[in-house]
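Visitor: I'm new to looking at protein models. Could you walk me through how to read one?

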Amino acid sequence: MRCHQFYKTLTRRDVLRTSAAGFAQVALAGMLGQQAGAEDTLAPNAAGPTQWAHFPTRAKRVIFLFMWGGPSHVDLFDPKPTLNAEAGKPLAGSSVGSDAKQLGTLLGSPFKFSQHGDSGVWMSELFPQLARHADQMCVIRSMHTEGNAHGEALLRLHTGQANLVRPSVGAWVSYGLGRENENLPAFITISPPRGHGGVQNYGSAFLPAAHQGTAIGSAEIPIAESVVSNLGNRRLSPALQRTQLDLIQSLNRRHLQDATTDKQIEGLISNYELAYRMQSTMPQVMDLASETQATKDLYGIDAKPTDNFGRQCLLARKFAESGVRYIQVSTDYTWDHHQKVQEGSVAESAKVDRPIAGLLEDLRRRGLLEDTLVVWGAEFGRTPMVENGDGRNHHPKAFTMWMAGGGVQGGLTHGSTDEFGYAPAENPVHMHDLHATILYALGLDHKRLTYRHAGRDFRLTDVYGNVVRDVFA
Amino acid sequence: MKPSLHTVVWACLIVSVAEPVRAQPDALEAPAATATTTAESSTAGDEYFEKHIRPILSQKCYSCHSSRANKREGGLVLDSRAGWRAGGDRGAALAPGMPDESLLIQAIRYTDENLQMPPDEPLAPGVIRDFERWVRMGAPDTRLEAIDHEAGMNVPSDPVAGRAHWAFRPLHRPPLPQVQAAGWPKTASDTFVLARLEADDLRPAPDADRRTLLRRTYFLLIGLPPNAQQVAAFLRDNREDAFERLVDQLLDSSHFGERWGRHWLDLARYADSNGLDENFLFREAWRYRNWVIDAFNADLPFDAFLLQQLAGDLLPYESIEQRDRQRTAAGFLVIGPKVLLGNNPQERVMDVADEQLDTIGKAILGQTLGCARCHDHKFDPIPTADYYALAGIMTSTHVMQQRYMLGQQRVMERLVGLGPDGNTANAAYEKYWRESKTLQARAKQGQAALDLLENGKEEELGAFAKKQAEAVAEASLDVDRPREERIAMQQKHLATLVAAATPPSIPPRAMIPSDVEQPGDEAIRLAGQFNRPGKKVPRGFLRVVSDAPAEIPKTQSGRQELAHWLTDVEHGAGSLAARVLANRVWHHLMGRGIVRTVDNLGRTGEAPSHPELLDALASRLIESDWSVKALIREIVLSRSFAMSSRHDEQAHAVDPENRLLWRAHRRRLGPEAFRDAMLAAAGTLDPKPLDSTVSYLGDQATAVGANKNRRRTDFPCRSVYLPVIRNDLPEVFDVFDFADPHATTGLRPETIVATQGLFVLNDTSVMDAARATARTLLETSCLDETGATQPASVRVERMFERILHTRPTNDEREALLTFIRQTEDRLTAEGAEEPTVQAWTVACHALFASSRFQILD
């Protein structure tokens, strides 16, 4: 469903661009936009740049690796010798300001940090496999956002807002880039969280429903047991279902004949064919049996504790290869270490380290890494201060995310935090900036990728966001 | 709308206007340091301005602040000297000579996080220094003084000028227009429709055939298809008023409220859970849902309907039942989605008010009130002051309370006990949860004491009783009594403790608001930010409607007055509300609104296609004392409603979108009618109303961590009673464009997406309904009078009629017969069980999937 390229939507856009008649027409176009899903879905597809291509395209697709719960940046990517030196003392320092008293005492990180690759990117010992890809990674240490609780922070991460329902990043990408493979959705989310905003985190809100993320399973279900809802019939053989579909379509065509012409009936007819093609294409893509043992090993499939996330990451690669535009992979709600942050970080890193390294390696070998933007991160980080004796609390003020591929400058560390990892020190990157930057990598201008709804233009970044150009090569 | 900082700070800050002060240019800083005469310095200043300032203003500022481009963000224009002198809503933009006092300089320095210009990225440090120098020089400006900041200015938010917008004008009742085809109209509406068609040389489509009309009327009035007897009875009925009788019968049906109540529930953003960040269950929301259904069935006049929803808790009552009904209605204010965790309590109060105003604005007034939270409305005549006048009413209302849930004290939706002793029962229930940890600990201690007693550990028991007196029965400590008796006493005491520690059942209660103890006016929040209060505004209503001040008693929130104002035709928004409602009714019956943007009758909405018709319908509504049923009846009995959906090439060329109504709009069934119709065909639909369909869920409505809660959808009830869990809708709802229950939805999107095709082709609920339909057909309805099986061709006709309410053509009958025969053969060859039932099942399934079933002609 490459958007806005054919007569119907073009007409709608034309109204927006050329109308001198003012708002009545613009608003009408917006209203009709709500009903444009049919055309969007049914338009022929192509991989070429759309009218939204504002910038040179660095990446054609995104894989977002979501660590639900909030990993501790000071234990993984942001080494803080001062934090270790002052462990047990109250947090103090210039960036803390008047909050200091109520914030509690510092908890050092027991993990060894070292520099990796030619570029010398710092990582803790918890990501030994990933460390081998250091020269491909751009680590952003100065992320910050709002939302002290998971729900709000998840919604901000995925949609930019929390108190209003807004389209998710993937839906905007689908809207902006359209479909590369007509038999697959443009936005797929693997094992998404059901709570903390749930479907809102991959919803299309007021964008046409075709841009909603297609969910495979949900976070609490192992991926090996997950299915896409109704992707295949459990009672009818494929041959029988095809003859049934032929009957349905012949009835529909008769109805259409009686009607002479009707967009809805026509839409229904094309849509059944699309659905039917999708239900044969998706399972093919999702079938891991066709992968070699070597590939599976690369991801840690069939091995503990990497099997589940390994399968998720391999699926992500297969979708990327098949032309899906935005793929999210989520862990279960396992990174929320209010207690035992040390043990928790060890255990959770072990689950994802090899799969993520395998994904980067696999993408690289297949020549996909250069136009696939891989983003790793979470709704927030964790406090440098201690909670419950050996845990860390939520920390939206500063945390780390990293990117790789998709035109990103590998081996770069962007931004920094203060000596404790409490607040950004240099080049702060807000969640809105991250969104603007992801769109920029895809050739989309976050200020110009808009959708008219309820009388005004909306965009992913609302009125915020600056592209972090420095992260690109 | 969410506060959008950069664009609104100028608009919302009210700062005393600083008189421009001319200061001497700083000799050291001035570019021509040697210049001494005024003329020379002025020339130098002008040059400086032209070289360093003007290009930046034009590149970076005019896009939002230019009178020529009519861009006045925050009321500020920067393309003339007068513009910055007059300043924006916050006052003068510059204090010449004093950069530190100048708002513009403050803004470009980016030091105040709430005032940062240009909003996208800061100017280069050198440029900022240029501006500072320029202001120190006295801000010389070569541009013409002639552009008057106010001249020709058209402020969209001006409430007085806004009265000229069509939706705010008084209702207009012109005489019926002349029409050529005078025999066609049956009602006044028809005359308006016909006159408009004739003006474009168009003719209305012929009447729909009786079967089509019957199916359409059933679905649109009660959301269900007619059954075979109902079809037959109507087709047999030759009386002149057969259709009228049918319509009255459907309006009297209790299923009417289930269809039309749902339309209101779309507007009321009804849901059984909070949604957003923390999806806590709204265990009692169903009472409001059923109140809405009952209200539509009873044809509760719309003004009373609104009054109870906005102020039902404040109204007088004659019985406890009436009190509870009215209170339950006010759940309308409570059921909105709210960010529940981690945010500031004050922020939450303002967010909740915003959510309520957004809902009231869109649902009742067709206005985007929420846009005026951060700045004067950019398109509609709603100044920020009016928004906060209304907000004061909402912030004088409690919809939240502290309650214990999941082991913590939380801020939750407000619940009130129902029935004569509702308050006591509710208080007792809440008290249990506050004390449950203590009570459970005490029960354990009681058991421990009993153990000590039974084991004869007298000394330890004594010590224990000193510490945990309440866990030990006094009599059981009395060593003079026989041991058996002491044990019995403690056992009895333990039983009481255990009973006290057992969670009580939930008493009947509902989501109900109340006035706060000290209602008061609200302060304008600068830039919409809760922590930046500005000037207080007296509570009141929209000035675009009327200047008359609201008369709100000091001790009340003003919700009653607001509700009355909303439907007050003389002094309030009655005409507007009537237009909005009449348009919605037309939209639901005819497929498109007269104004198609049904939630937006503002300037960014669409203009009415038939303004006089809309006013006529609105007037009828008011004249009938706001009877929704009367308005529906009038429209359904019109000839316009009864048109066929037949295509007409000529009309299509003139009016491809059918705005003028030259034919009936085809429309999708929507998820509820789709599901209900399948179950009805299957004979498995339970038509009885239902109470809660979420009571089995825990306090979190969707899964987080160990919680595996999932709403069920396997109730055989009508779809309106299925759980509406925000962010976890039943799949059939999610796939077929159910209203997102986070916000008012008057116009559901009509998308065609692959998931719909997959659902229809593969979902077990569809196949189950098909199988039940097939069984019924084979077992009962296809027997003739003697009980003998009818031939397959007759069965196919029955199947067609049962599902599609029409007869198959010969072609269609033959196609189905062939399909069923071949399928049966195939299944038999494969050794399938019940090949006949299966073959008919697959055929019924195909009819459910067909466009004739899914689309109303």
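Guide: Let's take a few features one by one, keeping in mind that this is a predicted model.

Visitor: How many helices and strands does chain B have?

Guide: Chain B has 31 helices and 12 strands. Its C-alpha atoms fill a box of roughly 120 × 105 × 60 Å along the principal axes. Of its 857 residues, 52% count as buried.

Visitor: And which domains is chain B divided into?

Guide: There are domain 1 (5-136), domain 2 (156-419 + 508-667), domain 3 (432-507) and domain 4 (762-856). Notice that domain 2 is written as two stretches, 156-419 and 508-667. For domain 1 and domain 2 of chain B, the centres, taken over C-alpha atoms, are 47 Å apart.

Visitor: Let's zoom in on a helix. Which residues of α28(B) are buried?

Guide: Start with the general idea: an α-helix has 3.6 residues a turn, so residues three or four places apart point the same way. Now the case here: α28(B) covers residues 792-804 and reaches 18 Å from its first C-alpha to its last, close to the 18 Å expected for its 13 residues. Its buried residues are Arg795(B), Val796(B), Met799(B), Phe800(B), Arg802(B), Ile803(B) and Leu804(B). These sit on the same side of α28(B), because they cover an arc of only 165 degrees around the axis. Just after the helix, His805(B) takes a positive phi of about 60 degrees.

Visitor: What about a single residue? Is His65(B) buried or exposed?

Guide: For that, you count the other C-beta atoms around a residue, and 20 or more within 10 Å makes it buried. His65(B) is buried, because 25 other C-beta atoms lie within 10 Å. You'll find His65(B) in strand β1 of chain B, residues 65-66.

Visitor: Which residues is His65(B) in contact with, leaving aside its neighbours within four places in sequence?

Guide: Those contacts are Lys71(B), Arg72(B), Glu73(B), Leu76(B), Val77(B) and Leu78(B). Another pair to look at is His65(B) and Asp79(B): they are 14 residues apart in sequence, yet 7.2 Å apart in space, C-alpha to C-alpha. For chain B as a whole, take the contacts between residues at least 6 apart in sequence: 66% of them join residues at least 24 apart.

Visitor: Now strands, please. How many bridges join β2(A) to β3(A)?

Guide: Four bridges join β2 (113-116) to β3 (121-124) in chain A, and the two strands run antiparallel. His116(A) stands opposite Val121(A) in β3(A). The hairpin has four residues between the strands, and in it Gly117(A) takes a positive phi near 70 degrees.

Definitions and conventions: Residues numbered from 1 in each chain as written. Chains lettered and ligands numbered in written order. Predicted model: local features only at pLDDT ≥ 70, side-chain atom pairs only at ≥ 80, totals over all residues. Expected span 1.5 Å × (residues − 1). Buried ≥ 20, exposed ≤ 12 C-beta atoms within 10 Å, placed from the backbone. Arc of directions from axis to C-beta. Pairing = 2+ DSSP bridges. Contact = placed C-beta atoms within 7 Å. Domains from an automatic or database assignment.
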